[in-house]
Amino acid sequence: MIHHMLSTLLNKLWSGWGTLAGVFLIFALWQIGFEAFGSLVLPAPMEALGRLIDLVALPSGFEYILITAKRAFAGFLLASAFGISFGLIAGWSNTLSLLCKPFITVALGVPPIAWIVLALLWFGGDDGTPIFTVFISTLPLIFAGALQGVRMREKELDEMAKSFHVPLIQRFWQVQAPQIVSYLFPAWATALGLSWKVVVMAELLSSTRGIGAGLAEARVNIDTASTMAWIVIVVGLLLVIEGMLLNPVKDYVEGWKHAE
Amino acid sequence: MPNETAPLLSVVPNTSVDPKPSALSVTVKDHRYHPLQQTLAPCTLELAKGEVVSIIGPSGCGKSTFLRIAAGLIEASEGKISNASKRAAILFQEHRLLPWKSLLNNISFGLQGQKLTKFQRMKKAREVAYAMGFSEDDLIKYPSELSGGMRQRGALARAWQLNLICCFWMNHSVRSILVAVVTFIGRCCTRWIRSSALF
């Protein structure tokens with residue numbers, strides 16, 4: 001048991017080294033870009049990092065990050081709730097999945113930028129626009145993941161559970177849910193990444209506060225260092241979310257797949 | 001797929017001289033998956049306690065469908081079943097263990113349809129697993145970590161613990177049944193067979 005825990009810890013640390021090496025490589029390439037093209041195209045990495053610390057140290061900078069995170073999560077959680085419940089229902093009912101198809105095509109086909117314009121008209125410049133844009137652009141992904149999960153499950157296992165007269169709710173939780181999750185999870189992870197990108201884009205065009213608004217400000221001032229600092233913040237937060245939230249959840253729900 | 005006119009499966013009724021009370025009686029008058037295509041022609045089967053019957057036939061003739069109906073997994077379009085034990089244990093051709101559950105949890109999963117507490121389920125499953133020759137280490141393994149024979153044995157344990165009168169061996173080749181019987185079960189299984197009606 002202790003041996004097992006130790007080896008998992010070592011594995012984690014080792015993969016951490018890999019990630020760190022990748023990050024440093026990016027900074028090295030960035031430095032080369034700065035030396036080749038000058039500070040207007042790419043600011044020095046150290047300068048951008050210094051600006052990043054300044055930005056986060058400011059109360060307004062920290063507030064911007066919180067606001068953006070709140071909007072991204074609100075949109076993402078709403079999309080998860082609706083996407084998963086409708087996906088499950090559509091997976092079980094043929095008629096409903098046929099009915100839902102055009103909606104999904106429309107939601108996937110309309111570019112996020114068009115949704116932003118529509119949302120601006122509907123919700124104005126407040127929280128509503130970024131939240132709605134995140135919601136509408138991640139919803140189809142999550143819906144399709146849940147639908148596929150229900151559709152692709154092994155009917156033989158359902159039959160087995162039925163032959164043991166396992167109650168319906170237990171049949172769902174213990175037999176169907178793990179199969180659905182293995183389809184849903186990749187879609188869910190993609191949607192989370194997408195929600196960060198979309199929220200920044202929506203804020204850039206619609207909001208006066210948030211990371212996107214900070215980027216818009218930096219653009220107006222032709223401040224490349226601040227722009228890069230905001231980009232580093234967005235990417236860094238995404239990495240943190242992936243490491244702290246997605247990977248542990250993934251290990252938990254898919255642990256049985258990695259059993260040797 | 002069988003064509004629509006052929007009498008697809010006819011099971012010879014049990015015409016023993018000394019009629020025992022039947023443990024299982026299945027009468028199928030008609031069964032169709034598709035309204036225009038008959039899958040099963042009328043057939044009946046009477047089984048007494050302790051009787052072992054094999055259903056043999058070319059592929060696609062309706063053996064599995066008949067067994068599904070007899071086991072109560074699906075309902076015949078027209079016909080009736082009476083099973084003395086109300087329920088049936090089914091051993092499928094494949095093991096059908098849940099890949100995300102450990103062996104012990106898989107075995108106790110078979111008891112979920114009964115009114116037992118979780119503790120009782122675990123206790124019973126553990127007893128059966130030990131009786132089947134599994135070690136403590138095996139119980140926490142996932143099916144992917146077990147050998148093919150052990151998986152089959154796990155599936156057998158899951159069905160066996162129900163102590164039902166009626167057990168169906170779905171679509172097993174003679175070889176796979178022999179392997180299962182030879183590898184472990186020898187004595188226990190014969191005892192079981194004596195008290196059960198088996199396909």
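At 16% relative accessibility, A:E159 counts as buried, because the cut-off for buried is under 20%. The model is a predicted one. A:E159 forms a salt bridge with B:R68, and the closest N and O atoms of this pair are 2.5 Å apart. A:E159 belongs to helix α7 of chain A and B:R68 to helix α1 (residues 63-71) of chain B, so this pair joins two chains. B:R68 is partly exposed, with a relative accessible area of 21%.

A:E159 also meets the side chain of B:R96 in a salt bridge, at 2.7 Å from N to O. B:R96 sits in the loop between β5 (89-91) and α2 (103-109) of chain B. Its relative accessible area is 9%, so B:R96 is buried. The phi angle of B:R96 is near 55°, a positive value in a residue other than glycine. Most residues other than glycine have a negative phi.

## The interface as a whole

How many salt bridges does the rule find across the interface of chain A and chain B? There are two. Side chains of opposite charge can pair when their charged atoms come close. The rule also finds seven residue pairs in polar contact across this interface, with both residues at pLDDT 80 or more. On the side of chain A that touches chain B, the elements giving two or more residues are α7 (155-163) and α8 (168-206). Helix α7 of chain A supplies the largest share of that side, seven residues. By class, the side of chain A that touches chain B has 10 nonpolar, five polar and four charged residues.

In total, 19 residues from chain A and 23 residues from chain B take part in the contact. The two chains bury about 2000 Å² between them, and 65% of this area is on carbon and sulfur atoms.

The loop between α7 and α8 of chain A contains A:H165. Phi of A:H165 is near 60°, again a positive value in a residue other than glycine. A:H165 is partly exposed, at a relative accessible area of 37%.

## Salt bridges away from the interface

Over all chains, a search of the whole structure finds 12 salt bridges. One of them pairs A:D127 with A:K70, with the closest N and O atoms 3.5 Å apart. This pair links distant parts of the chain: A:D127 is in the loop between α5 (112-123) and α6 (128-151) of chain A, while A:K70 is in helix α3 of chain A, 57 residues away. A:D127 counts as partly exposed at 22% relative accessibility, and A:K70 is partly exposed at 49%.

In chain B, the side chains of B:K141 and B:D138 meet in a salt bridge at 3.7 Å, N to O. Are these two residues buried or partly exposed? B:K141 counts as partly exposed at 29% relative accessibility, whereas B:D138 counts as buried at 9%. Returning to chain A, salt bridges that share partners join A:K70, A:R71, A:D127 and A:E203 into one network.

The UniProt annotation "transmembrane region", from an unreviewed entry, covers residues 20-42, 73-91, 103-125, 131-150, 180-199 and 228-247 of chain A. In the model, residues 180-199 of chain A are 100% helix and 0% strand, with end C-alpha atoms 28 Å apart. Residues 103-125 of chain A are 83% helix and 0% strand, and the end C-alpha atoms of this span lie 26 Å apart.

Which residues does A:L49 contact, leaving aside its neighbours within four places in sequence? They are A:F27 and A:V232. A:L49 lies in helix α2 (residues 45-57) of chain A and is partly exposed, with a relative accessible area of 26%. A:L49 and A:V232 are 183 residues apart in sequence, but 8.3 Å apart in space from C-alpha to C-alpha.

A second pair involves A:S85, in helix α3 (residues 59-92) of chain A. A:S85 and A:A146 are 61 residues apart in sequence and 8.2 Å apart in space, C-alpha to C-alpha. A:S85 is partly exposed, with a relative accessible area of 35%.

## Chain B

Chain B has six helices and seven strands. From the N terminus on, its elements run β-β-β-α-β-β-α-α-α-α-β-α-β. Of the 199 residues in chain B, 46% are buried. Among contacts in chain B with a separation of 6 or more, 73% are between residues 24 or more positions apart.

Definitions and conventions:
Residues numbered from 1 in each chain as written. Chains lettered and ligands numbered in written order. Predicted model: local features only at pLDDT ≥ 70, side-chain atom pairs only at ≥ 80, totals over all residues. Heavy atoms only, no water. Contact = heavy atoms within 4.5 Å. Buried area = accessible area lost by both parts, 1.4 Å probe. Salt bridge = Lys/Arg side-chain N within 4 Å of Asp/Glu carboxyl O. Polar contact = N/O pair within 3.5 Å; in protein donor to acceptor, adjacent residues only side chain to side chain. Helix = DSSP H or I, 4+ residues; strand = E, 2+ residues; numbered from the N terminus. Nonpolar A, V, L, I, M, F, W, Y, C, P; charged D, E, K, R; others polar. Buried < 20%, exposed > 50% of the residue type's maximum accessible area, 1.4 Å probe, protein only. UniProt positions renumbered as here; feature names shortened; annotations may be inferred.
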